[in-house]
Amino acid sequence: MKPILEVKSMTMDFGGLRAIDNVDLSIEKGQIVALIGPNGAGKTTFFNCITGIYTPTHGDIYISPNGSEDGKNERINGLKPNIVTRKGLARTFQNIRLFTSMTVLENVMIGCHAITKAGIMGAIFRGASTKSEEKLIVEKSYLILEKIGLSKYVDELAVNLPYGAQRRLEIARALATDPFLLLLDEPAAGMNPQETMELDELILKIRNSEGISILLIEHDMKLVMSLSEKIYVVDYGKKIAEGTPEEIRHNPVVIKAYLGEEVDA
Amino acid sequence: MTAKQELKKSIIASVWFMFLTFPIMVIKVNTVTHTIDWRWHNMALVGIGSFFLSMLWRYLLKKKEEGGKKEKKAGLSFIQRLLQEKQFALPGIVIISIITILFPHIFSMYQTNIMTSALIFVVLGLGLNIVIGLAGLLVLGYAAFFAVGAYSYALLNLHYGVGFWVALPIGGILAAFFGILLGYPVLRLRGDYLAIVTLGFGEIIRLVLENWNEFSFGPSGIKNIPKPGFLGIEMSMQTTTIYVFYIVVLLVVFTIFVINRLKNSRIGRAWTALKDDEIASQAMGIDKAKTKLRAFALGATWAGMAGVVFASKTTFINPASFTLWESVIILCTVVLGGMGSIAGVIAGALLLILLPEYMRDFGEFRMITFGAVLILMMIFRPGGMIEDVRKTYKFEK
C-alpha cells in the first residue's frame, strides 16, 4: 500500500520565523492519524500548508487518492485551497467558520460546490441538468445531515445552533465535498465530555462506513489516545516523535515537551 | 431605569439642544436697523420639542430591545409572511400587472415619466443587489457602469447608427467587460477598502467622459439620441413615452426573474458563502476570483442595460447624470430596502426616487429627511425595510 498523503521534509518560514521545520508525515488509506503538540507548535500551520492556504517554503506534499500501488502520485504544493478541496482533501477549522447567514442545509449544500458545475447560464435557464443537479445536492446534503445527526436543525440558521452542533456541522460540510482525507482541526475544542464521546463515535463511523482517512489535531488526550492509530508529535515546528498511542504515552521526549524538564535541586 | 432618571435624561437633552440651536434659532441680526431680535419663544419650542422627542426616542429603543428578544422566535414581519404565502402569489402578480399596464393610461405623461425613471433605478438597485446584497462586495462607483451603458448606446448610434434593440445587449456586455476590468485588480479587497477603490473607479469614468472632448463631447454631452423604435413605425411623443415605460417594465420583470433564479442557485449560494467567510468558502472548493468576477460582471451588465434605456428615454446624456450622487442613491436603495431581498430593493428604489419627486415643494428639507430616514432605519431596522428570508428546501424520500 502506498500512503494516500505523504509529506516530505516540509518547511514553512514566515520571514525569520521557522513555523514548521523539516517535518515528514504519511497517512495510509483508512487510517486515523493524530497530530499533537503544545500550543504554538505549528499544527494549524501544518494544516494550512497542506490545504493550500500557505505555500510551504521547502518540501513536497504528495497525494494518491486510492492508495493503490499503481495509482499515480500528485504533488499539491502551492495549489489554491479550492483546487486542493477538489482533489479530495477537506478540512474543518479550529475557530468555527460556518456561513452564518445561511441555513444548516445550505451550509452543507455549499460543500457540494466542488463536485457540481452549474454556471450562470445554467442558473438562469434552469435546464434539466441543472434541475437534477440541484435535486441531487439537496438530497445528498440532507442525507449527510441525517448521518451526522443534525437533521432536526435543517432549516435553522447556522449561527443559532448550539456549540457542539456547530462543530458537527463543520464536519458535515467537509464531508459534502467527497473527500478521501478529512483534516479536523481541534474538533473537540470547547465540547463537554458527553459531546466529545459522541464526536469520538462520529469520527469512527465516518472512517468505518466511508473509508475516509482522518488527520486530526486535538488537545483532548483521551480522544486522541482512543481514536488514533498513529500519532505525530510536534514541538516548535519540529517533529519530536511518532508512533502508536502506547509508544507516545511513554516517550520521554513527549513528556518533556508537555510537562517540562525535571530540575535537580 | 426609574422615571426620575428618564426625566433627568430628557431634561439634559433638551437643555443641550437649546444650547446648540441658540445661535440660529434665537439670535437674529436685523441688518437694516443694526439691532438683534431675541426670539426666546423659539428656544422654548426647541426645549419642549427635544424633551418629548428624547422621551419618544428612548421609548422606541427600549421597545426595540424587548421586541428583538421576542422576534427571534416569532420571526417574520407581516410583509415577509405575505410574500411567502403561496396563495397570495397569483392574485398579487395579477393585481400588480394590471396596475402597471394601466398606469400610463390613467396618469399623465409627467407621472409616467417619473415612474419610468423610478423603474430604471429599480433595475439599477437590483443589479447592485447582486454585487452588494448577494456577494457582499461594497461597490461605491456603480453609476460608472450606468454611464458605460448610456454612452455606448449614444456613441454607437452617433457614429454607426446602431438602433436601441441592438445597443441594449451591447451596452450590457460592454458594462460587464468594465465590471471585470474593475473587478480583477480589487479581488483581494473587502469592505471599506473596496468601497474606496470602486469610488475612485467611478470618478475616473466620469472624469474621462467630462474631459475627453473628442470621444464623449465633454460636459456638453450628446443630444438627439433616438428613442426606441418599434418596427420603424412613427410614434407621437405620448406613445413613445408609454412605449418606453413598457420597455422598462419588461426590463424590470426580466431582472427580477434572473436575479431570483441566480439567488437560489449554486452560484448564488457561492456568493453568499464568500460574503460570510472567504477562507471557509475556498476550503469548500469555491474559486474566489472566478465567483467574485462573475458578481462584478453580472451586476455591471444590468447597470449597462439600464444605461441604454436611460439614454433613449432622456434623448440627451452628459456626465452630470453619472456622478457619485447617483451611486450613493443606488446604494441607499439597496441598503434601505434590504440587502439581498428583491422585494425590499424594489420598494426602496420606488420610495427613494418617487418621494423626492413628490416632495419638491419642501426643497432643501428633502436632504435632511433623507438623512434622518437612513439613520432611523439603521437603528430600528438594520436589515432594511423588507429583510431577506433564506430559502428552505423540501426533501422527500
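1. Let's start with Thr240(B), which sits in helix H10 of chain B, a helix that covers residues 237-263. Please keep in mind that this is a predicted model. Is Thr240(B) buried or exposed? With a relative accessible area of 8%, Thr240(B) is buried, because buried means under 20%. Leaving out residues up to four places away in sequence, Thr240(B) touches Lys227(B), Pro228(B) and Met235(B).

2. Next, have a look at how the two chains meet. On the side of chain A, 41 residues are in contact with 32 residues of chain B. Together the chains bury about 3,500 Å² between them, and 62% of that area is on carbon and sulfur atoms. Which three residues of chain A supply more of its buried area than any other three? They are His113(A), Ile120(A) and Ile124(A), with 17% of the area that chain A buries against chain B.

3. The interface has polar features as well. Between chain A and chain B there are 12 residue pairs in polar contact, counting pairs with both residues at pLDDT 80 or more. On the side of chain A that touches chain B, at least two residues come from each of these helices: H2 (81-87), H3 (104-111), H4 (120-125), H5 (128-148) and H6 (163-175). The largest share of that side, 7 residues, comes from H5(A).

4. How many salt bridges cross the interface of chain A and chain B? The rule finds 2. In one of them, Asp277(B) pairs with Arg97(A), and the closest N and O atoms are 2.7 Å apart. Arg97(A) lies in the loop between strand E6 (89-91) and H3 of chain A, while Asp277(B) lies in the loop between H11 and helix H12 (278-283) of chain B, so the pair joins two chains. Arg97(A) is partly exposed, at a relative accessible area of 22%, whereas Asp277(B) is buried, at 9%.

5. Now turn to the salt bridge between the side chains of Arg269(B) and Glu134(A), with an N to O distance of 3.1 Å. This pair also crosses between chains, running from helix H11 of chain B to helix H5 of chain A. Both Arg269(B) and Glu134(A) are buried; for Glu134(A) the relative accessibility is 15%. Apart from neighbours within four places in sequence, Glu134(A) is in contact with Asn264(B), Ser265(B), Arg266(B), Arg269(B) and Tyr393(B).

6. Stay with helix H11 of chain B, residues 266-276, where you will find Ile267(B). Ile267(B) is buried, with a relative accessible area of 2%. What does Ile267(B) touch, not counting residues up to four places away in sequence? The contacts are Ala118(A), Gly119(A), Ile120(A) and Arg294(B). Ile120(A) was also named among the residues that supply 17% of the area chain A buries against chain B. Ile267(B) and Ala295(B) are 28 residues apart in sequence, and their C-alpha atoms are 9.1 Å apart in space.

7. Over all chains, the search finds 20 of them. Within chain B, Glu210(B) and Arg206(B) form one at 3.4 Å, N to O. Both lie in helix H8 (residues 191-211), 4 residues apart, which is about one turn of the helix. Glu210(B) is partly exposed, at 24%, and Arg206(B) counts as buried, at 16%. In chain A, Asp13(A), Arg18(A), Asp21(A) and Lys238(A) are linked in a network of salt bridges.

8. Two backbone angles deserve a look. Most residues other than glycine have a negative phi. His34(B) has a positive phi, near 55°, and lies in the loop between E1 and strand E2 (35-38) of chain B. His34(B) is exposed, at 70%. Thr315(B) also has a positive phi, near 60°, and lies in the loop between helix H13 (288-314) and helix H14 (324-337) of chain B. Thr315(B) counts as partly exposed, at 23%.

9. Finally, consider nonpolar residues on the surface. Leu90(B), Val94(B), Ile98(B), Ile101(B), Leu102(B), Ile106(B) and Phe107(B) form a nonpolar patch there, with about 680 Å² of accessible area together. Ile101(B) belongs to helix H4 (residues 89-106) of chain B and is partly exposed, at 48%. In strand E1 (residues 27-30) of chain B you will find Val29(B), which is exposed, at 54%. Not counting residues up to four places away in sequence, Val29(B) touches Thr35(B) and Ile36(B).

Conventions. Residues numbered from 1 in each chain as written. Chains lettered and ligands numbered in written order. Heavy atoms only, no water. Patch = residues over 30% accessible without salt bridge, like charges linked within 9 Å, V, L, I, M, F, W, Y side chains within 5 Å. Areas by Shrake-Rupley, 256 points an atom, 1.4 Å probe, with all protein chains shown as cover. Salt bridge = Lys/Arg side-chain N within 4 Å of Asp/Glu carboxyl O. Buried < 20%, exposed > 50% of the residue type's maximum accessible area, 1.4 Å probe, protein only. Contact = heavy atoms within 4.5 Å. Buried area = accessible area lost by both parts, 1.4 Å probe. Polar contact = N/O pair within 3.5 Å; in protein donor to acceptor, adjacent residues only side chain to side chain.
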